Every structure is written in structure tokens, then in C-alpha cells.
Amino acid sequence: MKQGSPNMPEWFEDESLWVATYPFTFSEQRFAMADEEVNKIIALVDFQGKSALDLCCGPGRHAVVLAKRGCSVTGVDRSKFLLQKAEERAKAEAVRIEFVRADMRNFNRPGAYDFALNFFTSFGYFNDQEDDIKVLRNIYATLRATGICLLEMISKEWLAKHLSATTSMEAPDGSLRVERHEIFDDWSRIRNEWIFIKEGRAKTFKFHHTIYSGQELKDRLYQVGFKRVKLFGDLDGGEYGANAKRLVAAAWKE
Ligand SMILES: C[S@@+](CC[C@H](N)C(=O)[O-])C[C@H]1O[C@@H](n2cnc3c(N)ncnc32)[C@H](O)[C@@H]1O
């Protein structure tokens with residue numbers, strides 16, 4: 001049965017993946033980075049608005065920081081487990097955030113936000129690339145006329161130079177994540193196998209997503225209507241050039 005077919009959930013709907021990856025992907029160190037990331041994002045796009053959408057907010061790393069800066073924030077995510085983590089964070093930090101459990105393909109609130117964020121490779125998850133366009137259309141529609149969006153993800157150009165077939169990572173609790181990567185579909189997608197090893201027991205997850213080059217992402221942002229798009233290689237505004245580690249796209253509605 002094909003993943004994503006009506007009878008089989010799509011990989012990102014498997015909550016046990018987010019539970020297993022939590023100590024690696026959302027370590028305290030990564031939470032601590034969010035403060036500085038938000039500072040840089042605000043400076044990069046000169047954000048002066050009051051309302052923000054964190055699309056695919058996960059455990060609320062950026063949503064909480066934006067709310068602490070006085071923004072009215074909506075965090076949208078598909079994972080019940082991660083939204084619960086986000087709610088706990090918001091409570092601990094004494095900020096009010098609206099959390100919505102929704103698929104990014106379906107969340108659309110016309111003209112509601114000054115800013116939309118999609119951070120940490122939370123884009124390109126669908127088998128059909130038209131669904132990625134749908135997400136961008138939703139983001140565009142959800143922004144006010146002066147709205148800005150920022151997407152941050154792994155870049156295809158970086159992968160072309162640095163992809164290792166196998167990598168591994170240790171979480172603070174001593175557990176291990178071994179990753180295997182493979183490019184497929186005419187260099188448009190990456191297939192990942194993550195093997196989590198804890199106390200001698202291993203659990204494997206397989207998932208895949210589309211990888212975008214700077215130009216491909218830019219074209220799609222223009223396609224859905226954004227008037228101005230700028231690419232950066234990091235949140236400091238570094239050039240999206242030979243040494244870019246990340247693909248950061250900022251897009252302005254006007
Ligand atoms: C790599 S995490 C990034 C989380 C967060 N943006 C951050 O920087 O910490 C990707 C997130 O996308 C969410 N996600 C995956 N598929 C989704 C979908 N179809 N609709 C909404 N959220 C989705 C996951 O639940 C997860 O929280």
C-alpha cells in the first residue's frame with residue numbers, strides 16, 4: 001500500500017516519529033537558540049507587525065518567543081504530541097498563544113496575519129508537489145496586504161555538496177539516532193531512514209520529502225503572488241551562495 005493513500009496515514013501523521021525524535025530535534029539547546037533566531041528573523045525582514053502565524057510550530061520554539069515580544073501568535077501543527085509540548089511551554093512562559101491542530105494544506109485565515117513563519121525544514125512533506133503550492137497559496141492568503149513570510153529549510157544546493165549516506169547523532173539522554181539518506185525522483189526528493197537506538201533497542205522510521213533549490217522555491221513564491229522574494233544563506237542575511245548552509249526565503253506581499 002502506498003504511503004499517503006487513503007488507507008494509509010502519511011509519514012508525518014505517525015505521532016511515534018515525533019515522540020522518538022523529540023530529544024534530538026527539540027533539545028533544550030535548540031529551544032535556547034530560538035530567542036536569537038527570532039531576533040535575527042525580525043531584523044532580516046524588518047518585521048514591525050503585531051500578529052504572527054507559526055505554521056508547523058512544533059513544540060512552539062518560535063511561537064513562544066514571538067508571543068513574549070508582544071505578538072499575537074497562532075501556532076499551527078498537525079501533531080497532537082508536539083502541540084501539547086507547545087502548550088506546556090507557553091504556560092511555563094506565561095504567554096497566551098492560540099494553538100490550532102491542522103494540516104498546513106488546510107489552514108487558511110484570509111488577511112489575518114502580518115507575518116508567517118515556516119521554520120526548520122517544515123516544507124515539502126507531500127507526495128504531490130502541488131500540495132506544497134497549496135501551502136504557499138494558504139500562506140499568501142492568510143497574510144495582510146503588507147504581510148511578510150519567511151521559510152527556512154535545508155537547501156538542495158547544500159545537499160548536493162555535503163550529503164552523507166549515513167550520519168549519526170547522540171541525544172542528551174545518551175540515545176542515538178542513525179540516519180540514512182538517499183536522493184530519488186530525479187534529484188527532487190530525499191528519502192530518510194532514521195534508526196533510534198535507546199538502551200539497546202532500535203526503532204526505525206522512514207520518511208521522504210521534496211528538496212528545493214533556491215530558484216525553485218523563489219519561483220513558487222512568485223507563482224502564488226508574492227511581489228518580492230529574497231533568498232539568504234542564513235538568518236544573518238548571508239548570501240545564498242556557495243557556502244550557504246540553509247535556504248532562507250523571505251517574501252513580501254507588496
Ligand atoms: C522539523 S519540525 C519543525 C518545528 C518548528 N517549526 C521548529 O522550528 O521547531 C516539523 C513540524 O511540522 C509539523 N508537520 C508535519 N506535517 C505537517 C502537516 N501536514 N501540517 C501541519 N504540520 C505538519 C510536525 O508535526 C512538526 O512539528
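Ala, Val, Leu, Ile, Met, Phe, Trp, Tyr, Cys and Pro count as nonpolar; Asp, Glu, Lys and Arg count as charged; the others, Gly among them, are polar.

First, the model. It is predicted, so local features need pLDDT of at least 70 and side-chain atom pairs count only at pLDDT 80 or more, while totals for chains, interfaces and linings use all residues. Residues are numbered from 1 along each chain as its sequence is written, and side-chain values use heavy atoms, with hydrogens and water left out.

Now the overall picture. The chain has seven helices and 11 strands. These are DSSP runs, H or I of at least four residues for helices and E of at least two for strands, numbered from the N terminus. The radius of gyration is 18 Å, close to the 18 Å that the globule rule gives for 254 residues, so the chain is as compact as a globular protein of that length. That radius is taken over C-alpha atoms, and the rule is 2.2 Å times the number of residues to the power 0.38. Buried residues make up 53% of the chain. Buried means under 20% relative accessible area, with a 1.4 Å probe and protein chains only.

On to the second largest pocket. Its volume is about 260 Å³. A pocket here is an open set of points on a 1 Å grid over the protein atoms alone, where a 1.4 Å probe fits, with protein on both sides within 12 Å along at least five of seven lines. The volume is the space filled by probe spheres set on the points. Lining residues have an atom within 4 Å of a point.

What lines this pocket? There are 13 residues, and Val19, Ala20, Phe196, Lys198 and Lys203 lie nearest the centre. By class, seven are nonpolar, two polar and four charged. Helix 1 (15-25) gives the most, with five residues. Strand 8 (189-198) and strand 9 (201-210) each supply at least two.

Those two strands also pair, antiparallel, over 10 bridges. Pairing takes at least two DSSP bridges. Ile190 has His209 in strand 9 as its bridge partner. Two residues sit between the strands of this hairpin, and Glu199 there takes a positive phi near 50 degrees.

Last stop, Ser213. This residue is in the loop between strand 9 and helix 7 (214-223). Is Ser213 buried or exposed? Ser213 is buried, at 11% relative accessible area. Beyond its neighbours within four places in sequence, Ser213 contacts Lys156, Glu157, Tyr240 and Leu247. Contact means heavy atoms within 4.5 Å.

Terms used. Buried means under 20% relative accessible area, exposed over 50%, partly exposed in between (1.4 Å probe, protein chains only).
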